[in-house]
Amino acid sequence: MTGQTTVRHTAPPDVRRDRPTAVPERTGAPVAEGEARLVTGEPGCGRSRFLDRAARAFTAGPVVYVRADPDSATVPHAGLRALLRLSAEPRAHRPAVPPPDGLDGLDGPSADAALRSALRAACADGPLLVCVDDAHLWDPASRAALGRLGRDPRAAGAVSLLLTAPGHRPVDPEFAGIPPLRLDPLTAAASAALLDEESGGSVDRGVRDDLVAEAEGNPALLLALLRSLTPAQLRGRAPLPRPPADAEILTGLVGGCLSALTAEEDQVLLTAAAAVREAEDDSAAVAPVRRALVRLTGGAPAARLDPPPELLVLSDGRLRFRSALVRRALYARAGERERRAAHRALAAQEAGLPGLLHRAWAVPADATTVADGAAAALATGLAAAAADPAVPASPRLRCAALARAADLTGDGRDRARHRLAAAQQALLAGQPHRALRLLDAVRTGAPGAELRGRAELLRGAALLRDGPVDEARATLLLAKSLLAAHAPAAALAATLGAADAAWAAGDVPGCLEALAEGRGEQGRDGLSGTPAGPGADTPAGTGADAPAGPGAGAAGPAASLPSGDDVLREHRRGMLALLERRFEAAVRSLRRVVDGAAPGDRVETLLRAAAAALLMGDLVGARGAATAALVAARTQGEAAALGPALEYLAYTELRAGRHGLARTHAEEGLRAAHRAGQRNTAAHHHAAQALAASIDGDADAVARHVRHAQEISLRHGLAQAATLAEWALARVDLGEGRPAEAADRLGPLVRPGPGRGHFAVWMLAVPCFVEAAARAGRGGSAGPVVEEFAEWARFGADPQAPAQLLRCRALLAPPDRADGLYESALALHETAGGDFERARTEFLYGQWLRRRRRLREARDRLGAALVGFERCGARAWAAQARAELRANGTSAGGARAGDLSALTPQQLRIVHHVAGGATNREIAQALTVSTRTVDYHLRKVFAALGVRSRVELARLVEQTEKTPAHP
């Protein structure tokens, strides 16, 4: 906070990359014209960088950018005076406006009037963006004036206002009425990108992952950790310090908010930090913390133990820190003796697993490295409690308990078992990086074949969630070979996980090989969802992240059902039979998986059932199983299962034609995948959003999600997600009336050859390809693909496929047969449901009828198509239906073709320029817009009016102007 004040009247041509990107990219403007936002977040979240980026990206008019000066915080109206001075500076075509004098004597209304008058003059030539960084450091009078402006920016004209203030302290009363915009922590992918940008990509991959996990999404902490390491440590040639984020780094980032604490406040905050250290929701009950503080202070009155409200929030009997970074700094800067005392006091107040864990943290550090009988006994009790399913605890808490038990255990084999069990709980909790570090410790302990096999099984599961799927497959096959002689049930889980990895990669031979290898496995299928402790038969939650898409076969964590259930075996048999085209056998096995699941079952069971239902095209069963899995995951605290469950829901709704609901599920699933560090799952959610947006006609959203999906897919070998993303782009082309482009994009995906897309997706894309090829005049190239699609339709895995097959045949048939095929297709749509697919058939049939001059029948079909498209939100297709109706002689509202009244004023202006013979560049110059904008509007105009060239449009305008309006 230098006190620097700047003003910029025009945006620079390029955004300089002179400092790292400290906040994630955001789509759209952070604030609309005439609105205000208070940008908040914890220390180091990148508020200043966000404001700087918003200022650089604002091109509609001038920008006034002010940084608060802490030295002027007590000078009345100092901040307001700086803002007025900058807003009054001269610009092109306008001389300087003298700022008002004598502000010190102004009351609130007078100061408000001066501020609004100055800003209204500053935005006379266009919208104005006002950015005030660290607005909380302004003097009280200036804060009050700024807050009143923020509650009603339109009073000053076309002014937008962005303020920043820290989010780890209460909002200043002056800014209470301004809508907040909180900057969330960076995702793991964004954090990794920031490290690569700052270091030039020179950081070792494992070190980078360690730093990303340690920073927990805080960009300032991430960069501070980067700067604290030696070159050898950055390259992975020297061990990292433990912990990487020491007290000096953490306290340096939180600034002076801890410097003025009293000893009593310090004790309160340290005890609270110890209480929430391993809490699932970063909060703790107030009552045991108060009792622990009374114990620590020798019976001091509880009334004196209220925490500082600027750092802690008390609500509904629980307390939480306003900033996770402040909490970590408080805990780290305390000495080990003080931390152990806080945990000891809390252990006396907490029961169950939390109390045991506090007791474990109170053990001296030297007891973790020497044989200590009391520490060993505590470790045994801690591990047993963490493994007991009757003990209420989240996977995150169980992981912490088991990891601490391993630290307190002297025996190498027992320590490896504890770490293995902790790793499986870390996976369930959505902490794959923590799981991998625990597994690394297991590997260095020279375990036997069984423990190593279980460790590789968990490692493969983590890679399926976030890593190259080919590597995941190899790891899981290694686990299978190590476990075959010792734990057949776990070996079967590894076999099925390897098949999941091959499925995600689109590797049919690899999938068949993995499934065939599992044929001889005996014993209980899969892994128990029960937390495993020493001596447990199998670790929990060790399966694959769901590489699910339409018709996908993987089900997320490849964990098992209760003892005696053969769901994994049946799922393997069903997948194998499906790939070997033994469809009846596939349906029998998959049906057993679906029918064997019920609400209340384990999450793994329900995910397998959802996958099996999708393979069979049982959308009702898939929806029910995925919804039950989502509920179970939330209830049981299994964060790792949220993304896969929502993925199944998204794809189920896509196949059911409910695209808006699919988009909602995918948006939530993407957030869950990012929180759990599951980039592979995130890729599928991006693909699902792209598919849904391709129906909505949101081309920008499609391009954005496709870019993200393809970026992850290329790095991790996700052929399925890549194919889905490419299909979404083709649907945009088809929806916007570009069938040739759609056919070019889809052809390599659906025709035999090295470029064919994923085997579980390309059949679903065939109807789009046939439609695109037929409409582009290339129907002859689609015949062989239709015959392959017929075999898929006979399997019954897609309820829409039989009707789509008849539609495809109608598109390629001679006129004497097409009529009947369209009618038959519509009859099948009646039983299959799905507004979108039925509307597409109605549209193509109506188009076919119109071109044969059967106008009345065409009008009925096109009208029904329009209603169907509008009902499911397919805006681009609805525009095509309206264009066909107008070409048929009737508009969507019943008006005759040639009526220009449906166009927007901007479109009408462009139309008249076209009619006058102007080019797109000339139109853009005349209307002060880009040529891209002109092209966009013209495409909409052509679709709305049913014209195909500028000549037709000019003739239509001429005819309309000569024809008198009907009364």
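**Entry 1: cavities**

I searched the whole structure for cavities and found five of 30 Å³ or more. On a 1 Å grid over the protein atoms alone, a cavity is a set of points where a 1.4 Å probe fits but cannot get out. Grid points are joined across faces, edges and corners, and a volume is the space filled by probe spheres set on the points. I note that this is a predicted model, in which local features need pLDDT of at least 70 and side-chain atom pairs count only at pLDDT 80 or more, while totals for chains, interfaces and linings use all residues. Residues are numbered from 1 along each chain as its sequence is written, and side-chain values use heavy atoms, with hydrogens and water left out.

The largest cavity holds about 260 Å³ of space. I counted 19 lining residues, those with an atom within 4 Å of a point; Leu654, Arg655, Trp727, Arg731 and Glu837 are the closest to the centre. Helices H27 (639-656), H31 (719-735), H33 (762-775) and H37 (835-851) each supply at least two residues of this lining. Helices (H or I, at least four residues) and strands (E, at least two) are DSSP runs, numbered from the N terminus.

**Entry 2: the sheet S7-S9-S8**

I next traced an open, antiparallel sheet of three strands in the order S7-S9-S8. Its edge strands are S7 (283-285) and S8 (312-315), each of which pairs on one side only; two strands pair if DSSP finds at least two bridges between them. From one strand to the next, the twist averages 25 degrees. Three bridges join S7 to S9 (residues 318-321), and the partner of serine 283 in S9 is arginine 320.

Helix H10 (residues 263-275) packs on the sheet and touches S7, S8 and S9; contact means heavy atoms within 4.5 Å. The direction of H10 makes about 100 degrees with that of S9. Axes are lines fitted to C-alpha atoms, for helices over the stretch in contact, and angles run from 0 to 180 degrees between N-to-C directions.

**Entry 3: helix H12**

Why do I call helix H12 (residues 324-333) largely enclosed by the rest of the structure? Seven of its ten residues are buried, that is, under 20% relative accessible area with a 1.4 Å probe and protein chains only. They are Leu325, Val326, Arg327, Arg328, Ala329, Leu330 and Tyr331. These residues pack against H6 (205-215), H7 (219-228), H9 (247-254), H10, S9 and H13. At the start of H12, a side-chain oxygen of serine 323 reaches to within 3.2 Å of the backbone nitrogen of leucine 325.

Definitions and conventions: Buried means under 20% relative accessible area, exposed over 50%, partly exposed in between (1.4 Å probe, protein chains only). A polar contact is a pair of N or O atoms within 3.5 Å; within protein, one must be able to donate a hydrogen and the other to accept it, and residues adjacent in sequence count only if both atoms are side-chain atoms. On a 1 Å grid over the protein atoms alone, a cavity is a set of points where a 1.4 Å probe fits but cannot get out, and a pocket is an open set with protein on both sides within 12 Å along at least five of seven lines; lining residues have an atom within 4 Å of a point.
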